[in-house]
Amino acid sequence: MALARREFTIAKLSCAPGRGYIVRHRKNVISLMVAFWTIRCYVSEQGVDEIQAWYIRQSAKVQGKFLSRLKVLAQLELKDWRLPLFRWLHGDCVPLGELRFEVQKVQHRPLGYRAGERVFTLTFCAKEKSNRFVPANACQIALRHKANIENGKGSSNVCWLRLE
Amino acid sequence: MSAGFAWSKEFVGQLGNEELRNAYTADHVRTRIALQIRALREQRDWSQAELGERAGKPQNVISRLEDPDYGAVTLKTLLGIAAAFNLPLLVDMPEWEEWFDRMSDLSSRALHRQGFDLDRLAAIADRRAAATSDAAAAFSRMFIGQQVIHDLYSSVANYNSALIGQGSREQEKVAAMLSTSTVPPLGAALAAAQNAAVAAARAA
């Protein structure tokens, strides 16, 4: 009886306009969750998760901030993927977008693209200095990795970092 | 039931490193403040300049406050911004589990708030007072019921003691008293209390 009442409540909430909710059933426990973006990471032809490899090389401060930003973005509506947390790029960099965060005066710019309704795939982690990417060809690298995923030379994994 | 993200032991396990955890926590707090200021401003259809006017600050200060990477937010500034929105400010150092729960939904909708509204708050206070009163009355009935039943049992015990060596007329008197009693049984009192508590919770 109690279970039936809970399910009824969730059914009503799941119809709320403008917000995606998913319902999880786990060991008779029902929890209501905000629909979540899936973050994926580029895996090279050699089978190396390049985003994870970048992450491991970073300081704990960068790792903590990167985890925080991924978690925040993963729970935002697409319309809220915007400055100052995120920016869709223009020109030769389309359809890439960049996460934007600073740690100890270094501007980090992990690049990726929207690979589905609620899927964002990170393909390359760059920096920005004096309004330019470091390395300067960061967009080309990120786009090449995207192409590798699409033509089967490379692939992508669901991000190894747990966001929930 | 939280409307935000759950947090798993795997997620918490990633925060084992103190330096990483501190960076994560600081960024999450700053990001939440920045996103909430923007969400509240947009909820009211205010520009950054308009919020600045109300808070007595230039537009570029509001722009910085809406940037999670800006690390020099002061309590005084936050109090001023909260006042401009007609909202209170809560600064707390909670238990970790409470912090994870509170940080579990940073969507703009979850960050919207209503400014001070005396009528709305008075209505909430009335509803809560009524709910508390209902619950108190239900518990009071329950305790009175328990007391009466206790008294009845005592009376019966006394009668039983007194009946030893007396005639059946006294036994008939006890049976008559119990059958005509208007005191609700304990189960009914408990059910009434439970119903009142459920109704009070719904009303709240």
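**Aromatic pairs in chains A and B**

Hi everyone, let's start in chain B: F11(B) and Y24(B) are both buried, where buried means under 20% relative accessible area, exposed over 50% and partly exposed in between, with a 1.4 Å probe and protein chains only. A word on the source: this is a predicted model, where local features need pLDDT of at least 70 and side-chain atom pairs count only at pLDDT 80 or more, while totals for chains, interfaces and linings use all residues. Residues are numbered from 1 along each chain as its sequence is written, chains are lettered from A and ligands numbered from 1 in the order written, and side-chain values use heavy atoms, without hydrogens and water.

So, how many aromatic pairs are there over all chains? The search of the whole structure gives 18. Rings of Phe, Tyr and Trp (its six-membered ring) pair if their centres lie within 6.5 Å; planes under 30 degrees apart are stacked, over 60 edge-to-face, and the rest tilted.

Take Y55(A) and F66(A): their ring centres are 6.0 Å apart and their planes are at 50°, so this pair is tilted. Y55(A) and F66(A) are buried too.

Now back to F11(B) and Y24(B), an edge-to-face pair with 5.8 Å centre to centre and 65° between the planes. Ring pairs also join F11(B) and Y24(B) with W7(B), W96(B), W99(B) and F100(B) in a cluster.

One last thing about F11(B): the charged end of K71(A) sits over its ring, 4.4 Å from the centre. That term asks for NZ of Lys or CZ of Arg within 6 Å of the ring centre and within 35 degrees of the ring normal. Thanks, everyone!
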